[in-house]
Amino acid sequence: MTFPKDASLIATSKTATLYNASHIEVLEGLEGVRRRPGMYIGGTDERALHHLVAELLDNAMDEAVAGHADRITLVMATDGSVSVRDNGRGIPVDPLARYPGRSALEIIFTTLHAGGKFHDKAYATAGGLNGVGASVVNALSLWTEVVVERDGHKWRQCFSRGKPAAPLEQLEVSRRHGTQVTFLPDPDIFPDTIFQVERVVEMCRAKAYLNRGVVIRVKVEQSGEELAFHFPNGLEDFVRHTVASADRVIPALFAGSMVEQSEEYLRMEWAMTWTTEEACRVLSYCNTIPTPLGGVHETGLRTALVRAMREYADAKHLLPKGVVLAIEDVLDGLFAVLSVFLGNPQFFGQTKEKLSNAGVARRVEGILKDHLDHWLHGHPEQATSLLMSMVERAQQRINRKKVVAPVNRKTATSRLTLPGKLTDCIISDAKSAELFIVEGDSAGGSAKQARNRHNQAILPLRGKILNVEQANLEKFEKNIEVQNLVTAIGTGCGPLFDLRKLRYGRVIIMTDADVDGAHIASLLLTFFYRFMPELIRHQHLFLAQPPLFRVTVGSDSFYALDEVERDRMIEKIRHKRSQAKVEISRFKGLGEMDPHQLRDTTMNPATRRLLRVYVDDLQQTDDSFDRLMGKHSASRYAFIQEKAPFAQNHLDI
């Protein structure tokens, strides 16, 4: 087999021969953090910006968890800086023997992997483990000021972009103790340096729930707002607050705590209940660090619940003949919060989004199952009510497998489990109901928080849906995502399609505003065009238009769908306010948007933009789907060649 010569490949090969020692670069100090911030905080977007605050809060919380602090104060200043103060022991300021003339404080803030949490002498458990949190915040800030009170004096040192701006100085006598770190994020690193008050407040609220002994105060200088968080009942307060307006299967909470004294320290606290919502929601933490991607502790929780409920059902003979509780039967409607403290936690990456310690799943499972067994037998009436709701879901699941039929929305007298991870709306009038189809759990989680529960339902799909233009009938019938979609809409598909059984007046495809999102939307459009064309013909199918950019001027934010709209918006702003500083941030996906942003820009009928899908030329549309989505790759290649000039200017990589 021969390949045509490519001039670009030849040029690349010649360039590679010039590679020698002169191309090797060694980054000193914290320069590597500034060059590659994504390696340490996951990027430079809004989520990464707020991760800087989280790093400092984690350090303060470590002092509280260790029993050395009970007050934390966070101040959002008018100049855009944030300070976090605790009344703990205070960072050591004495010199380090390995670094003559330099204090421990300076080393901690200017050197990666420097800290007191690599062993258990100073902290039994800690959220900051790698000794990089404080130094990363310092490296990515325009300036940082650290004030320490300990040993009868106050000390201060200032830094600029990760480097000492002045030596450590001893100030006045002080009888207090603690640490205060103030920083201003560097605009050379972050396109948007404005902290969102709501996001910071929620971060502090969650930390207060996780340690019932701490008081966390938040002060917002610009608005003069001051908040204080203190929850004596910890996670129980968290769960009660979250499900206060939800319909619950049982009134009681299953909550508790446990310390396991063994070779590897483990402390746990949990609280949970079941609601009539179909979605399962588990919030997990390790050493007060949120783990949104879950991990071994969540695995232990889920396994414990399933085992305990199955054994209780068998012991009380509550299962009808032929019914076996599946995982989804037990977990649907669950809202749980799990907090574990480990002496040596292991996470995936510096952002610590998933826990990976071997053996923790088994330990969590054992502790939770024992406590849940006691709780179930100690509350027989509520345990039976809870279990019967799970049995009902199991029976409905079994019946769905026997007869594939549309599923009616739950009413006041009947509650039916819906397919997949669908979170349904409340309204019974199909004409006013809306179904948002989103890709993945991340976007689904944001959409569920942003939706109007009254008339908006959310169906997250796992990965990219089957390309029905290429798949055979067997693959189509076995594809779970396709079947969930058909069942949720309620009409059936193909020759069995019945528009009278449509459960939603609007079916809205809501994908990311990038190439992957466009691909997913194309796959869904192919499905609807081939198997539910009546949805399109009767104007029930829509495309959501999420923004790609946010343009911020002072406290005002505007949203743009694409580069063209963004540039027009900036030009208009500068025409009116020529001296205003314009900040531009790009959304990487729906999951990156705060729920209120997603609601205001994409889901609220008063402010959103929807595109109705319609067919104006049936033959041309049919040919286009066959050409682009069919099995003939040569047709797709020819299309790409035809559109190459367009792709060069508009391709989103």
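Just after helix α9, His317 takes a positive phi of about 55°. Helices here are DSSP runs of H or I with at least four residues, strands are runs of E with at least two, and both are numbered from the N terminus. Most residues other than glycine have a negative phi. Two further residues belong with this topic.

Arg161, which is not a glycine, has a positive phi near 50°. Arg161 sits in the loop between β6 (153–160) and β7 (163–164). Thr288 is also a residue other than glycine, with a positive phi near 70°, and its place is the loop between β14 (281–286) and β15 (289–290). Are these two buried or exposed? Arg161 counts as partly exposed, because its relative accessibility is 32%; Thr288 counts as buried, at 1%. The cut-offs are under 20% relative accessible area for buried, over 50% for exposed, and partly exposed in between, with a 1.4 Å probe and protein chains only.

Before going on, a word on the source. This is a predicted model, in which local features need pLDDT of at least 70 and side-chain atom pairs count only at pLDDT 80 or more, while totals for chains, interfaces and linings use all residues. Residues are numbered from 1 along each chain as its sequence is written, and side-chain values use heavy atoms, with hydrogens and water left out.

The pLDDT is the predictor's confidence in each residue, from 0 to 100. Its mean over the protein chain is 82, and 83% of the residues reach 70 or more. Over residues 1–16 the pLDDT is below 50, and this stretch has zero contacts in the model beyond near neighbours in sequence. Residues 403–407 also have pLDDT below 50, but that stretch has nine contacts beyond near neighbours in sequence. A contact means heavy atoms within 4.5 Å.

For the chain as a whole, there are 22 helices and 24 strands. Of the 653 residues, 48% are buried. Among contacts with a separation of 6 or more, 68% are between residues 24 or more positions apart.

Back to α9. How far apart are its end C-alpha atoms? They are 30 Å apart, which agrees with the 30 Å that its 21 residues should span at 1.5 Å a residue. The expected span is 1.5 Å times one less than the number of residues. The buried residues of α9 include Leu301, Ala304, Leu305, Ala308 and Tyr312.

Helix α9 (residues 296–316) packs against helix α11 (residues 360–378) at an angle of about 35°, with the axes 7 Å apart. Axes are lines fitted to C-alpha atoms, for helices over the stretch in contact, and angles run from 0 to 180 degrees between N-to-C directions. The residues of this contact divide into 13 nonpolar, five polar and six charged. Nonpolar here means Ala, Val, Leu, Ile, Met, Phe, Trp, Tyr, Cys and Pro; charged means Asp, Glu, Lys and Arg; the others, Gly among them, are polar.

Next, Met272, in strand β13 (residues 266–274). Met272 counts as buried because its relative accessible area is 0%. Leaving out residues up to four places away in sequence, Met272 touches, among others, Leu301, Leu305 and Phe254.

Last, Ala326, in the loop between α9 and α10 (327–331). Ala326 is buried, with a relative accessible area of 16%. Beyond residues up to four places away in sequence, Ala326 touches Arg310 and Arg397.
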